[in-house]
Amino acid sequence: MDVTARSGETPASPSAPADALVGQADAVAGRADAVAGQADAVVGRGGETSQTLDRGLRLLHLVADASGGLTVTEAANRLGIGRAAVYRLVGPLTGHGMLRRDGDGRLRLGAGLLHLARRAQPLLAEGALPALRRLAEQAGATAHLTVVEGGEGVALAVVEPSWTSFHVAYRAGARHALDLGAAGRAILAGRAGVAEPVSSSGELQAGAYGVAAPVLGVPGLEASVGVVALAPLDVDTIGPQVLAAATAITAALT
């Protein structure tokens with residue numbers, strides 16, 4: 001009697017287990033390919049995000065360097081991207097207060113950057129204080145760190161010498177034009193890549209003498225370090241001290 005015929009079942013093929021294993025392997029390989037595809041997509045999105053961030057930061061720098069602001073077309077040309085891409089950058093930056101549009105539609109820096117700058121200023125002052133203290137004691141004159149804010153020089157940190165009978169009382173927060181005084185002119189020299197000491201006499205205050213040098217090599221910072229005194233300063237002696245202080249501040253802030 002034929003048992004297989006009686007039961008109505010087809011006998012299993014000897015190759016069936018092998019075929020099942022191959023199918024499982026194909027399924028596993030398919031899932032692996034899917035995971036790899038998802039990973040590639042994530043990497044792609046990460047690269048896209050990094051490029052967008054880089055463009056946004058470059059746009060902020062471009063607007064900061066343009067005293068009259070920038071149109072969207074000008075920004076697109078300088079970034080080498082389309083106007084639509086610039087608009088996509090401007091939206092979030094404006095929302096966070098980093099950029100604003102003036103009455104003519106030109107892009108300008110927003111008040112949100114001032115908020116960040118004020119938060120950073122105490123850190124800058126703290127980093128510069130050791131070098132300023134050394135400079136004040138060496139020179140016997142009031143030492144200061146001056147930074148650019150709103151197109152003017154602002155005394156961010158001031159240290160007076162401890163051993164002199166008389167010295168200049170220089171108030172932190174004092175503002176002055178960049179083309180007046182050693183501190184401001186040193187910043188302008190730094191823009192041109194000149195690191196030599198700059199001296200001044202009576203430009204900001206009658207009877208006051210100054211020597212300053214730019215602080216270079218700190219990304220995003222325009223600053224100078226210098227001293228001010230009530231008597232003429234020997235640039236040959238004070239100049240190297242000021243330069244050493246500028247180098248020390250650069251090292252402390254980078």
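Me: Which residue in β4 does Val-148 stand opposite?
Reply: Good place to start! In this predicted model, Val-148 faces Gly-153 in β4.

Me: What makes β3 and β4 count as paired strands?
Reply: Two strands pair if there are at least two bridges between them. β3 and strand β4 (residues 152–159) have seven bridges, in the antiparallel sense, so they pass that cut-off.

Me: Why are β5 and β6 said to stand at the edges of the sheet?
Reply: Follow the order of this open sheet of six strands: β5-β4-β3-β8-β7-β6, with antiparallel pairing. β5 (175–177) and β6 (198–201) each have a single partner strand, so one side of each lacks a neighbour in the sheet. On average, neighbouring strands here are turned by 30 degrees against each other, direction ignored.

Me: Which helix lies across β3, β4 and β8?
Reply: That is helix α5 (residues 111–139), which runs at about 65 degrees to β4.

Me: Why is Thr-142 called buried?
Reply: Buried means under 20% relative accessible area. Thr-142 has 0% relative accessibility, so the word applies. You will find Thr-142 in strand β3 (residues 142–149). Leaving aside neighbours within four places in sequence, the residues in contact with Thr-142 include Val-158, His-167, Tyr-170 and Val-227.

Me: How do you know how far a polar side-chain atom of Thr-142 lies from the backbone oxygen of Val-168?
Reply: The computed distance between them is 2.6 Å. A polar contact needs a pair of N or O atoms within 3.5 Å, so this distance meets that cut-off.

Me: What share of the protein is buried?
Reply: Buried residues make up 35% of its 254 residues.

Definitions and conventions. Residues numbered from 1 in each chain as written. Predicted model: local features only at pLDDT ≥ 70, side-chain atom pairs only at ≥ 80, totals over all residues. Heavy atoms only, no water. Helix = DSSP H or I, 4+ residues; strand = E, 2+ residues; numbered from the N terminus. Buried < 20%, exposed > 50% of the residue type's maximum accessible area, 1.4 Å probe, protein only. Polar contact = N/O pair within 3.5 Å; in protein donor to acceptor, adjacent residues only side chain to side chain. Contact = heavy atoms within 4.5 Å. Axes fitted to C-alpha atoms, helices over the stretch in contact; angles between N-to-C directions.
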